[in-house]
Amino acid sequence: MKLPLPVDLASLAKVILSPECKNICILTGAGVSVASGIPDFRSPGGMYDTLKPELLTASAQEKRYMEQDPTYVVTWDIFRNNQFPYMEVRRPFILGTRNHQWKATIANRFAELLHTKTGKLRRIYTQNIDGLQRQCQDIPDETIVNVHGTISKAGCEHCGHDMDFDEFCNQVQTKIKDIYGVDEKAPSESTPIFCEECGKAMVKPKTVLFGRSLPSEFFECCERDLPDLDLLIVAGTSLVVSPANSLVYKVPDTTLRVVVNNEPVGMELGIDYNGKGPGCRDFYAQGQCDAVFLNLIQELGWLEDLKQKRDELPPASIQLLDSANSG
Ligand code: APR
């Protein structure tokens, strides 16, 4: 069943609530977490844009590689020889996660409301490692797939032995230097964190490095979820990383695709921002993720439900929600 192409958020809300729309998946990227204070990767000011290889504990050649391509810092290729660049870059993110520094955004809460209000949310495929989506506790665990793993668990990349996350964080705090100048108690030089099982310096958060495979759960869920999907919502992602981005072209031609982003993405994957003809099934909701999802929540008639979660939102999201109230 081909759903009607929305022309605005009001008509998108009607489509979501219509009986013909039975199954919805959401693919999210770093843009849905920005309102919580976590920078994305590829925007100006994002992780890759601000990387300073010269500050990292790395060989001259490793630093050159990272200068040429900042994504090198999150590859298996560098980590298997040298754990420090990844650990030093991710130090505040790891410790902030342990301290519950970041809160689920309105964009995250939209997914929770979609589940509780309609029961149509089949899966969320999140590329984010920040765990914000799992703060939304009304979403069943199995509905969320962490496509690139999670920063809130630790394990050995060599033997697979899990490490207690608090113990891991204690060692990150005492053994990994702070390249950001925010922790005066941090050591001036990094020393290895060894796996208690195999003794190798290969312990890190259970995130997926470039060059390593995604969890089998991703492929299994895609097999099950995509063939009869009615609506795919893509939010806050540049869609440049495969195979996460493959959802966009693995869904059938009849699946309606909605992109929520501050810039058009995925043209090379076939997303059509100009089509209006009968074959077009792509709708672009341009804007900041939190603002777009807040408007969509209003159109769906779920604003009062969102307000119940107001105190769990980050400050930027609360400000947006309060302005909607006064709007
Ligand atoms: N509102 C809307 N869009 C936003 C916002 C926002 N507040 N902030 C950023 N964006 C957009 C950016 O313009 C960009 O198109 O979200 C996208 C974020 O893209 P990336 O920074 O590339 O993040 P992501 O797509 O999640 O990266 C994918 O790359 O490095 C790997 O493993 C990492 O999971 C990550 C993957």
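Which polar side-chain atom lies 2.7 Å from an oxygen atom of the ligand? Some notes on that and a few other spots follow.

1. It belongs to Arg42, whose polar side-chain atom sits 2.7 Å from a ligand oxygen. The protein covers 94% of the 720 Å² of accessible area that the ligand has on its own (areas by the Shrake-Rupley method with a 1.4 Å probe; for residues, only the protein chains shown count as cover).

2. Before going on, a caveat: this is a predicted model, where local features need pLDDT of at least 70, side-chain atom pairs count only at pLDDT 80 or more, and totals for chains, interfaces and linings use all residues. Residues are numbered from 1 along each chain as its sequence is written, and side-chain values use heavy atoms, with hydrogens and water left out.

3. The backbone joins in too. A polar backbone atom of Ala30 is 2.8 Å from an oxygen atom of the ligand, and a polar backbone atom of Phe41 is also 2.8 Å from a ligand oxygen.

4. Around the ligand there are 23 residues (a residue counts if one of its heavy atoms lies within 4 Å). The closest are Arg42, Tyr48, Ser238, Asn262 and Glu263.

5. On the sheet: three strands make an open, antiparallel arrangement in the order β5-β4-β6 (strands are DSSP runs of E, at least two residues, numbered from the N terminus, and helices are runs of H or I, at least four; two strands pair if DSSP finds at least two bridges between them). β5 (162-163) and β6 (203-207) are at the edges with a single partner strand each, so one side of each has no neighbour in the sheet. β4 (residues 149-156) pairs with β5 over two bridges, in the antiparallel sense, and Ala154 stands opposite Met163 in β5.

6. Two backbone spots to look at. The peptide bond from Ser242 to Pro243 is cis, with omega near 0 degrees; Pro243 is in the loop between β7 (231-235) and α8 (247-250). His100 has a positive phi, near 50 degrees, and is found in the loop between α4 (84-98) and α5 (106-118). Most residues other than glycine have a negative phi, and most peptide bonds are trans.

Key. A polar contact is a pair of N or O atoms within 3.5 Å; within protein, one must be able to donate a hydrogen and the other to accept it, and residues adjacent in sequence count only if both atoms are side-chain atoms.
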